[in-house]
Structure formats: structure tokens, C-alpha cells
Amino acid sequence: MSASTQSIGGQSAADRAILLSARGITKQFAGVEVLRDVDLDLYAGEIHALLGENGAGKSTFAKIVAGVHRPSRGVLLLNNARIEVLSPLAAQKLGITLIHQEPISFPDLSISENLALGRDDGKPLGRVRWAELKREANSLMAQLGIMIDVTRPMRGLSIADQQMVEIARALASESKLIIMDEPTAPLTPKEVETLFGISRQLRNEGRSIVFISHRLEEVRALCDRVTIFRDGNKIATEETKNLTDAEIIRLMIGREVKGYIPKHKTTVGEVALAVEGLTLPGRFENISFEIRKGEIVGLGGLVGAGRTDVARAIFGVAPAASGTIAVNGQVVEIREPADAVAQGLAFVPEDRAVAGIFRTLPVSQNITAAVPEMIAPKGFIRHGLERTIALDSVKKMMIRLVSPRQPIGELSGGNQQKAILARWLLTDPKILILDEPTRGVDIGVKAEFYEMIGALAASGRAILLISSELPELLALSDRVLVMSEGQLTGDFARGDATEESVMHAAVPRRKVVGDAQAAA
Amino acid sequence: MTIIALLRRREAGIIVMIVIFSLFVGVLQPRFLTSETLRIVLLAVPLVMIAAMGEMMVIVARHVDLSIGSILGFSSIVAGMLWRDHPGLPVLLGVVAALATGSALGLVNGLVVTIFRLPSIIVTLGTLSLYRGLLFFYSDSRQVDPQYIPRDIIGMSQTSPIFGIPWIIIVACVIALATYFFLDHTRLGRQIYAIGSNPTAAPLRGIRAAPVTILVFVISGALAGVAGVLYASRFGYVNPGITGVGFEFTVIAPIVIGGVSINGGVGSVGGTALGVLLLGAVSVALPVLGVSGFWQNAIYGAVILFALVIDRSVRQGGLKGLLARDAA
Amino acid sequence: MTTNLPPSASSQDASKPLWRATLMRPETMTLVLLVAAIIVGSLLSRFFDSLSFILESATYYSEFSIVALVLTLVIISGEIDLSPAAMMALSACLFGSAFQAGVPIGLAMVISIVSGVVMGAFNGFMVLWLRLPSLMVTIGTLTMYRGLAQILAGDRSISKFPTWFVGVDYRELYGVPIPVLIFIFASIVLAVVLGTTILGRQIYQIGTSEVAARYAGIKVRRIKFMLFVSMGVVSAICGLIATSRLASVRYDLASGGELQMVLIVMLGGTYIFGGRGTILGTFIASWLLVIIATGMTVADIPVTYQLTVMGLLLIVSIISTNLIYSRNQA
């Protein structure tokens, strides 16, 4: 369709003006390398897709270019001149705009004002020309084909509309490079078409667009070239038309399994947890599954598919609006986590820093937080007993620390996670929900976790394992469920689950083809 | 739903409330509905109106200034003592001194809040007391008696340049209009809303939150200083133990009822002004109805709580969402 | 790094030397100030040599100090309550009015305690069920409760209580006035609750991270509600103590007391953002405030001037506690 406007024949690549070059971009978070030596050239006037699994490094790369993160090493060149992108604002001044998945907005201000803020560097006491702002906003929104009252506040707009406002902002700011991080996820097919039309128009004006998406159809329909990331490395940059879907998926996955994953024997017992028709509007819909004693059920899917929401609903953090949860065949009402704990559930949350640890409190207190009756049999805390229990957990889980009195915030991520798992093991849970248990954990420690998870299942516990690392999910799970956009889209027995099959079920594939569904 | 929709346009809601309230009082006590009452109400509100304009900016920026009563008292005493002790100096100098005092005290609030990133309510609870104590020191606990308040200042509450409207009402109107222009029509004004609406995003749009926040506290202090001068004009004396005591609630209550959200980012000058008029009418009506003035505090407290609940329910999308279980 | 050490940890028991950890605690700062205040006080006036003089002065501040103990728990849990002084006034006015209306004094006391429960529960409801910020809610209720007291009592003062009821501050046990004794007793009880029980432990955990506490199965809302109700009850009790001490009650009882209560808690090193603080700190700070206030009174500094010192102390103590904690965390 747009091939005629493009002239990136293989040989002409060298002639094309390069807008932005990245050389040797490396990024570490807390000692963990999430991006390694990435070299990448973006041409002026192209739409370039970044593809990769969750955590492959594509978003991190985008955020470095847009000034959200600083690279640990490496340089960026804009029009062959070295640039330091110190902040998002600096990026904007250089003509680089990042459109976040969760758009930044001032909810109480009007659309037109959100569009104007930060763009004009006028005098602080200069007049705000409302009529002009409104006219400008109307024309921008008209370009995007959106009929909306630009004087209404942002609060209450759908994510899709907020996104459109962000895109309009980028249009207005004359950005040379617009990075869109999964912009289409909340959009309706019609809105997607509009967005694509705008994107092509911008490209034809000579601007560049970086498009991060999981949807291969969209990438194929829109993008001139793709770059594929895996495990923090750039794997390939290729013209889209030279790759088949199967090739792209193979490049995205195919990562080797790190750490020893024991084959755990499945001696599956009766149903421990049964979830029936669980629904929370806007998050997930009609989720039903069972987990048996001794079984590890993996829950795969892309970020934002609703996996964590389901886990939080089961544990009572944000209960579902409808549907039932049955523990050992009994339907139970779980209205808050305390109810879930009483039913023998345990939950290792994904967001360890906020929902897991008490950062400034001692490791021992963190470990015993869920078993007050154990450390205080008569209501008064017996510190000796607590210490013994904590040290016992420390030894069993091989937690590396100086003292159990040390604040848990001083430990490494892996050791913090072990302490959280230790906390729940003390409650002797029958059902464990592990949400990304190995995220931010060193490779060596990961293997220890795999062994522990296997052993826990072998001791007759039911485990729901949420993981974005496919190899881990496949190696550990007896059964793999896959979610996509709030729905269960796959249920594979151990033998049938492959990286390809899971990925196919996880990738949403309906928007471009045109299954008309209203945006959330 | 219609109630919520009406309250969404808070200004309309308040006008309706003022009308209903006046009619209600008028039926019970017909002498309430006279131009004399209007005059009393209008004379009662300028102090509150002026201070409310500053406090409103602070609340829009997602802070609170509890110290304005003490700032008002301090500014007022500084001006009063200048007039008393240096009768030869121009009267205007006292006004300037009051303004400078208010700004300086507001500056201290702003600096402590922004540099140490402390909750402004606690900081200004401290300065509320600190400034009041200093004011006793400074004034030697002595009242500035009526004979020392310059004739021109007293006259502001009585004489009129135009249509028989006293000066203090005109001053209040000018300040309200200026605030309206500043908040609604200048970039800086809009930045205050942006900071209150989403403080973390403000720097991403190039807004320097710290200096703007400090400025807002300075303006609030300065306007409390102006209110201090008007206090001297209206009441004809300044007393360190009385002037401005408890004034913060008199000011905060009409602001929140006027639709300024305690969560920042929301609120209009019009709403605030109408809120001031409504509560002004209430305070004038109480004695007319034979209700003791003791009710005033309880009403102000209830008004603040009521406004908090309304604000919450508007955000939550109706009263039904109000009691919904939280998700985090 | 520390994390590479073997798990055998018994040899060494803290990541920092104990003396440094102790010295860096805000309570230590409070204690040093207290000692300094006592020394300066005794240099300035012989009154300070007499323990009974200090104990007698302490009765004037005991009500605020007792409330500050419970307020410490509230602030550690990550909330605040600015309404206790107003709750003292309203519950005391209810007591006085009921007594004057002929209700037996015992029943009147029960009424005042029940009113404390209701007021505290109302604060808790607004904060925990309507999810409004406790700072703003209690600013509102502080005004409203005080206003209701004003409506109830007008500007008259209610007195003529039976002699057995008045003058609790003149009664002594082992030479210690009863209100001071109550304060010491309450300090011990609350120190035990906060320091050695599961409830206390969970209060710290909630204040450290409310989300993590909820995920760990702690009943956050129930505990916080209980704390708000306790504030009401303690305020009502202290309202009665104040009534007995003053032998009369007016609507402006304990007026401005919220400042002093918050000041005591902050001076005692409790972290304004929750999660840290001790009853010991509040206990020491109470005495520090007694010494300072008495010292100023002895030095003939009028009460009005003392506001300066109170306000300044409040601001300085939040800033310094804040700095100490943020440095410890770095």
C-alpha cells in the first residue's frame, strides 16, 4: 500500500539520511543489565518497529532515547551530532517525543490546555490566548479525525482519547522523532486506522516514528523496518517485507533457558483452587480455571493482558465484580487479603518494592509478618522465638544477609524475594500465587527459585505461576494458561505448550483485521 | 445524578443556594431581604474575600496555609504600630509595610514547605503559632487603639469614590478580578493549576514547581497582609490577641464550598467569591434569625467536611462510587 | 558487599555499631535537649531543684501529654488526628451540660466517654471509608467539634461539680499527682503495646507500607479505625481530667491544644510520614515541654509569647527528624 512512497531498496539504505544513531547503548538497573551494547540507526522519514518479548529491552531503549533514563554507557547521535538527553523535557526540545502507554496528563485541565502546556516558552505573565488555544486544538484534533469538545477536562477521557491528545501534542510540537509505546492497545480498529493514517502522513513529511507493539499485523501494515530485541540485546534490524511472521516470532523467542530447571514429577491430586467466571469490567472477563494439588499452572501473556489483575482478584486485593472462587471444593468469599490468607492462600506480588517488603524494617520482621500467632503465642512477641524462626527461614532459603536485624531494603532483589517467599511458607499455604517470582533476580538465584517451586508442588501445594519469561513458564508448568486482553486465550498441556503456541495465543490479533470492539 | 450535575457547575449551585437561603431567611424574617442587609453582607466579606483569593491559590497548588490568620494579625499590627509610633509618615507606608510583612511570612512558609518537602498543613500549623507568638513580642502585647488608626484608613470602610460603594469593597473586587486574570489568563496562573493537578508530571512539561509553589505562598501571605490593613479600617483597632484569630477556617470553609478541590488543580475565582458571599450571608443571617453566633464554627466545620465529601463523590463518579471498596 | 557474606550471622548483630545507631536516633536528641533544659532551668531558678515543683507543673500539661501518647500510634500508622483538643472540649461540655441538667455525675461521665467513641468513629469513617485525607478531615472536625461545644455551652462556664470530682491535680499517690500518674501509667501500657505486641508491630508495618501490610494479610482498616476511636476515648478522658483540674468547663477548653499535642509527638522523634517513632520519645518530649513551659513561666515570659517557642520547636523538630531519617535510609 505505502510501498510506492517508500524507496528503501536494499542498496539505497546507505544514502538515506540518518536521523538518530545509537551506539553501544547499555543500561543497568541495580546491577542487572537490561540493555547490552545496542547499535541502532533510525532514518529520517521511516516508521520503525521495535519488537520483543516483555523485558527484552525495547521500552528501556525507547526511554533512553526520550530522556526518561540515562544510559549506563553508549552515545546517541542526532543528525550526526552527539546529544545528551538529560530529561524528557530536553528530549522534547531536541524534537524527540515519547508517548507513554499511560499518557501523562493534567486531569483537571482542559484538552486544549494540556496540548499547550510546556510547548510555548512565553513570559510567565504573558497572556494565555484561550481562543487561539481552542482553535489550534480543534484543528489538531480534526487532523486526527476526532470529534471532541477540546474545552472539556482530561479527567474522564478514555485512555484512547488521552493517547490521541498526546499524539496531537507531538504533532503540534513539530517533533522529528515520535516514539509510541504500544499506542494501539486501548484503541478501537477505527482509531487504529486513523492513527496509522496520521503516522504515514507524518512519515511522508519526513518525520520518523518508532512504533513499539506486540501486534504483528499492525507492524506489518505500518512499519518500514523492524528491530527485534531479546534479553537486552538487539537481535536483528530488517525491512519488514523481508521477514515472515514465523521468522519474527522465532527471532523474538529462541532464548536459551538459563539456570537449571528440574523436571518435577507431577503427582496431581484433587482440585485445590477453582475459579469460575471471574469478571472485573475493564480488566478481565469470564476467567475460569482449576488448579489441582501438586500442580503448577503457568499463566502466560503479555504485560497488560490482565494476569496480575486476576491474581489480585483471587487474593482479595481488588476483588472481582462477579464470579466465584472455590478452595478445596468450597466456594469462599474473599473480600480482602486477610480472608485469602485465612483460606490458605499466599501471594508473592510482582511489585515487590511496594506490595512485598517493608523496606526499612528488619528482615526478621519481614519474614514473620504473616504469622503473628507463631511469634507471639500469648499476644506478646517473643523476640528469641522470632529470631529462631527467622534464622531458620534464612538457612532454609539460603538468604544472604549480615543479620536478621538488617533492614530488608539493604538486601539484593533475589534475597528480598526469598524473604517474601519465606514469609508465606511459614503460613503453610495450600495455594501459592507467584507473580513474576524471578523478576530482578540474578541468574544463579533463579535456579534456586526453580528448584524451590518444584519442591513446593511436589509437597502437594497448588501453584499459580505468572511469568513473562517463556522458557521459565514452559519448563516449570504442568499446564499453561494464556491470557490476552483480559480473556483466557489458551490452555496447553505440558507437552503441547511451546514458545510459538503460547506466543501465538498471547499476541492480540484482531484490531487491524477489524473485529469491532469498543475501547475499554 | 442531577444534584451531582448541578454541583459540577459549582458556581450555579452556589447561586441557587444563596437564593434559597435568602428566601428562606426572608420568609422567616422579612427584614432580612432589604438593601440594608445586602450592605451589611457586602461590608462583612471583603476581608475574607481578599484572603480567600490567596488561600485559594495555595489550595489549587495542592497545599494549605493555616497561618493566614496570624499573618493577617502580624501585618495589621506592623501597619498599626507604624501609624501610631510615626504619625508623621505617609499613611501609605503602613500599607506597604503590611504587604511586605505578609509577603515575608508567606515566603518563610513556602521555603520550609518546598525545601524540606514537608506537609504544608503541619508546617503552617507551626507558623500559625510561631507568627502569633512573634506578634505578641513585637507589639509588646499592646493593642493599637482606634485613635491611632489614620482617618484615611478608617474612611476606606465608610467613604466611597463611586456610587456609594465603600473603598474596601472596591479593593476586594479589584483583587478578585486581578486574581481571576492571573489564574485564568496568564501562563504562570495556569502552571499553578498544572502543579496541583499532577505534581509529578509538571516538571515533564517544563514547569518549575518549587519556585511557583513558593510564589503562591508569598501571594497568599501578601493578600493576608492587605486583609490586615482592611481589618484596621473596618474595626478601627488592632489587637494582638484578637486580630485574625481563627481566621483560617473562616477563609478555608468558603473556598472549599466554592468548589476548590483539596486535591489541587480545581477551582475558580468565581466559585470562591460566591462561596465567600454565601457564608457571609449565613453569618449575617444568624443573628437576624435569633440564632446565636456560636453556631458559626460548627457550620464552618460541617461545611468543610461536606465539601470534602462532595469533592470526593464528584471524582468518584457519583455518590454510589463513594463507598466502593478501594482497589489498592 | 554485605550481601556476599555467608548467612551465619550470629557473630555480628547489626549493620551499624550500636552506639552510632543509638546516637542517630531522634529520641536521643530529645533526651539531650531534656537534660540541657533541666540544667539551664536549674541555673536560672532554684524552683527546678525541687522535684515536687516539676511534678506539680507537669499536671498542667498531663492531659495533652496523655493524648500525645495515643496520637503517636496514629502518626506511626501513617495518619494524623488534629481534632483531639476539640474532642476534649465537646466531650467535657457534654459532661458539664448533662450534669447541670440533673444527670447523675457517673452517667454524665459515661456520656462523655461515649461521645468520644462517636467522635473518633466519625473521624475514622471519613478517613477510612470515604477515603479522605486525615489531615483535612480532622481540620474539618476540629472546627466542627469545637463549634458544637460552643453551641452546647455558649459562653458560660459550667461549674459547681461535687468536691470529690474536682481537683484531681491536688490528689497525690506517693507524692505524685494523679494526672501525672495516669500519664506515666499510660506511657508504660502503650510502650508495652507498641513495643512488644503484635498490634504494635502491625502499626509500624502499616505505617511503613500500607500496601505491603494489606498484602501480608494485616487488617489495616480495622486497626486504623481502632486507633481513631481510641483517640476519641482518650480525648474524652482527658477532657474529664481537665474539667476536674479546672473545676469548670467552657467551650474553649484545651483551645489550641492540637498544636501542643502534635508538637510533643514530633519533638519525640516520630516520623511525620509514618512507620517510625516510639512511646519513649513522646514520653521524654512531654517532660521536655513541661520543663520548657515551666521555665518560661518561672522566667515571667507570658503564655502568649510562649507560642513563638512552641511553633518554632514544632517546625525545627519535624525538619530535624526528617533529616535524620532520610539520612539513615540513604
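Author: Let us begin with what a contact is: two residues are in contact if their C-beta atoms, placed from the backbone, lie within 7 Å. Please keep in mind that this is a predicted model.

Reader: How many residues does the contact take from chain C and from chain B?

Author: The contact takes 38 residues from chain C, while chain B gives 41 residues. On the side of chain C that touches chain B, the elements giving two or more residues are α5 (105-129), α6 (134-153), α11 (257-267) and α13 (303-329) of chain C, and the largest share, 14 residues, comes from α13(C). By class, that side of chain C divides into 25 nonpolar, 11 polar and 2 charged residues.

Reader: How should I describe two packed helices?

Author: Two packed helices are described by the angle between their axes and the distance between the axes. In chain C, the axes of helix α7 (residues 178-196) and helix α12 (residues 279-298) come within 9 Å and cross at roughly 155°. Angles over 145 degrees count as roughly antiparallel, and α7(C) and α12(C) are therefore roughly antiparallel to each other. From α7(C), the contact is made by C:Ser187, C:Leu190, C:Ala191 and C:Leu194, and from α12(C) by C:Ile279, C:Leu280 and C:Phe283; these comprise 6 nonpolar, 1 polar and no charged residues.

Reader: And in chain A, what is the order of the strands in the open sheet?

Author: The order of the 4 strands is β2-β1-β4-β5 in chain A, with antiparallel pairing, and the edge strands, β2 (32-43) and β5 (81-83) of chain A, each pair on one side only.

Notes: Residues are numbered from 1 along each chain as its sequence is written. Chains are lettered from A and ligands numbered from 1 in the order in which they are written. This is a predicted model: local features need pLDDT of at least 70, side-chain atom pairs count only at pLDDT 80 or more; totals for chains, interfaces and linings use all residues. Ala, Val, Leu, Ile, Met, Phe, Trp, Tyr, Cys and Pro count as nonpolar, Asp, Glu, Lys and Arg as charged, and the others, Gly among them, as polar. Axes are lines fitted to C-alpha atoms, for helices over the stretch in contact, and angles run from 0 to 180 degrees between N-to-C directions. Angles under 35 degrees count as roughly parallel, over 145 as roughly antiparallel, 65 to 115 as roughly perpendicular and the rest as oblique. Two strands pair if DSSP finds at least two bridges between them.
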